[in-house]
Amino acid sequence: MNNQRGNPMDQPVVLLVHGAFAESAGWNRVIQRLRGNQLTTVAGASHALAASQPDAVTATILDAVDRARG
C-alpha cells in the first residue's frame, strides 16, 4: 500500500498547551478532530510549576515528544 502521507515520524506534532488552572483533558474534543485528520496530537499534563515557568514545562513536553519519535 502506498502511504501518500509518508512516514508518520516525518509529520508535524501538534502540541496543545493549556493555561494555568486548567487541565489537558480540556483539549479532548480538539484532539479528536485533529487525530481525525491524521495529525499526531499531544496535550501535555501540567502542574503548579506551569504557572511560574510555562516555558520550562513546554520545553519538557517537547523533549519527551522528541525522545518518543526517536
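Let me start with the buried residues of helix 3, which are Val-57, Ile-61 and Val-65, where buried means under 20% relative accessible area, exposed means over 50%, and partly exposed lies in between, with a 1.4 Å probe and protein chains only. Seen down the axis of helix 3, these buried residues fall within an arc of 80 degrees, so they line one face of the helix; the arc is that of the directions from the helix axis to the C-beta atoms. On the face turned away from that buried side, helix 3 carries the exposed residues Asp-55, Thr-60, Asp-66 and Arg-67.

Residues are numbered from 1 along each chain as its sequence is written, and side-chain values use heavy atoms, with hydrogens and water left out.

As for the length of helix 3, its 16 residues, 54-69, should span 22 Å at 1.5 Å a residue, and the end C-alpha atoms are 23 Å apart, which agrees; the expected span is 1.5 Å times one less than the number of residues. After helix 3 comes Gly-70, with a positive phi near 90 degrees.

Which residues does Val-65 contact, leaving aside its neighbours within four places in sequence? They are Val-13 and Val-42, contact meaning heavy atoms within 4.5 Å.

Turning to the whole protein, the order of elements from the N terminus is β-α-β-α-α, where helices (H or I, at least four residues) and strands (E, at least two) are DSSP runs numbered from the N terminus. Of its 70 residues, 14% count as buried.

One backbone detail belongs to Gln-38, in the loop between helix 1 and strand 2 (40-43), where phi is positive, near 65 degrees, in a residue other than glycine. Most residues other than glycine have a negative phi. Gln-38 is exposed, with a relative accessible area of 52%.

Finally, confidence: the mean pLDDT, the predictor's confidence in each residue from 0 to 100, is 76, and 74% of residues reach 70 or more. Where pLDDT is low, the predicted coordinates should not be read in detail.
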